[in-house]
Structure formats: structure tokens, C-alpha cells
Amino acid sequence: MTEYAEWAAPIATMIAAIMTASNLGARMTGFGFVVFTVGSIAWTAFGMATNQTSLIAANGFLTVVNLIGVWRWLGRQSTYEEGGRSARVASHHSSAPSLFTANGLPGMAIEDCYGKRIGKVVEALLECRTGKVRHVVIASTAGIGLEEHLRAIPASTISFGADRARLRISATEFAKIAPLDGGDWSEIGYRR
């Protein structure tokens, strides 16, 4: 039993870490917490078999935290995402404007006016007074894909679709926009 727990615990923990870190949606994150729970139970069993009180205490606590993660991500958040997904799908079949969820913006592919993919949306900035999306921050890669540039684009220059967004400018014009300075986006608030 000890040898199974000794191998199952780290393997489950590593797999769960990959599942949750990939940020592939509520269901995947929820199942990541299920695997984390298996790992923390295996660590607790290993701690009991080897008389390691601190390992038992830490992983007993982590089992409770992981079960809360399962409830949160497979229960509540998954329900929210499913509701948004059903609204998006229904809007494709109606005469009303197409809908997509706001949390669907980050990661959404973005193309230039000719359909050439230039990057992905990483954030949307809403105007406090109106609640409308004012700017969209787009990440594009350079070189061999290791260098990332962030640019803030006025939302008025973007056409949003359910699965992707399209700029009303070319990739060349996009590249001429000055990249943002890392984590300081304060200048966006002053752009008009």
C-alpha cells in the first residue's frame, strides 16, 4: 500500500497542477481539483504509513481545500459557463444580435482586416460610465514565438464574433501601434 501511495501522490499532484494551470475552463479546472483530492488523500495515506504527522496534517487540510475546489469549479462555475454557452448557441439561431460571454474574450483569436491571425485577446477594459468595452488588449508574438507584445486597441476598431474578433485595420497598421509597457497600462485610460 505504501509504495502505491508513494507513487500515486506525486503523479496525481503533477497531473492536477497541469490541469488547473492550463486554464481550459471550469470543467477541466474542476477535474483538476478531483485529481488534487486523490493526490492529497494518497499523501495522507503515505504520511500515516510512515508516521509523518506534518504530512498528514497538511494534506488533511489540502483535501478539504481541494473538495471546496471541486464544488466551486465543477458545481457553481461550471453552471455559470454552461448558462453563458447556451445563450451564445441560442443567439446563433435567433434574429437577435449574436451573444458571447465576457469571460470568453480572453483567449479569443483576433485577425486583421484580411483574416490573418495576429494574436489573441488578453483583456477587455470597460468604461465605468457606460459599461461598454472601450479598449481590448491584444497579445501578439514575435520572433520564434517567445517574445510577446501587448497593444491596446480601441473596441470601436474591432468587430466581435462568437469565436473570434476581427480588426478593421491590417496587420501592418496593428504592428505600428506602440506596445504597452509590461504591467503598466495606465496610459490606456488617457487615450481617446
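Predicted model: local features only at pLDDT ≥ 70, side-chain atom pairs only at ≥ 80, totals over all residues.
**Helix α2**

I started with helix α2, which covers residues 26–49 and has 24 residues. From its first C-alpha to its last I get 34 Å, close to the 34 Å expected at 1.5 Å a residue. Next I looked up which residues of α2 are buried, and the list includes Gly30, Gly32, Phe33, Gly39, Phe46 and Gly47. Ala26, Ala42, Thr29, Thr37, Thr44 and Ser40 are also on the buried list. Just after α2 I noted Asn51, which takes a positive phi of about 55 degrees.

**Aromatic pairs**

How many aromatic pairs does a search of the whole structure find? I got 2. One joins Phe33 and Phe36: the ring centres are 6.0 Å apart and the planes stand at 50 degrees, so I wrote the pair down as tilted. The two residues are 3 apart in helix α2, so about one helical turn separates them. Phe33 has 18% relative accessibility, so it counts as buried, because the cut-off for that is under 20%.

Then I turned to Trp43 and Phe46, whose ring centres lie 6.4 Å apart with planes at 75 degrees, so this pair is edge-to-face. Trp43 and Phe46 are 3 residues apart in helix α2 too, again about one helical turn. Why would such a spacing bring side chains to one side? An α-helix has 3.6 residues a turn, so residues three or four places apart point the same way.

Is Trp43 buried or partly exposed? At 24% relative accessibility, Trp43 counts as partly exposed. Phe46, with a relative accessible area of 13%, is buried.

**Charges over rings**

I also checked arginines against rings. The charged end of Arg72 sits over the ring of Trp73, 4.7 Å from the ring centre. Arg151 lies over the face of Phe174, and here the distance to the ring centre is 5.1 Å.

**Strand β6**

My last stop was strand β6, residues 164–167. Which residues make up its covered face? I found Ala165 and Leu167 there, with Arg164 and Arg166 on the uncovered face.

I then looked for strands joined to β6. Strand β1 (residues 109–111) runs parallel to β6, and 3 bridges join them. Glu111 stands opposite Arg166 of β6, a residue on the uncovered face. Strand β5 (residues 158–160) is joined to β6 by 3 bridges as well, but this pairing is antiparallel. Phe160 has Ala165 as its bridge partner in β6, and Ala165 belongs to the covered face.

Methods:
Residues numbered from 1 in each chain as written. Heavy atoms only, no water. Helix = DSSP H or I, 4+ residues; strand = E, 2+ residues; numbered from the N terminus. Expected span 1.5 Å × (residues − 1). Buried < 20%, exposed > 50% of the residue type's maximum accessible area, 1.4 Å probe, protein only. Phe/Tyr/Trp six-rings, centres within 6.5 Å; stacked < 30°, edge-to-face > 60°. Lys NZ or Arg CZ within 6 Å of the ring centre and 35° of its normal. Pairing = 2+ DSSP bridges.
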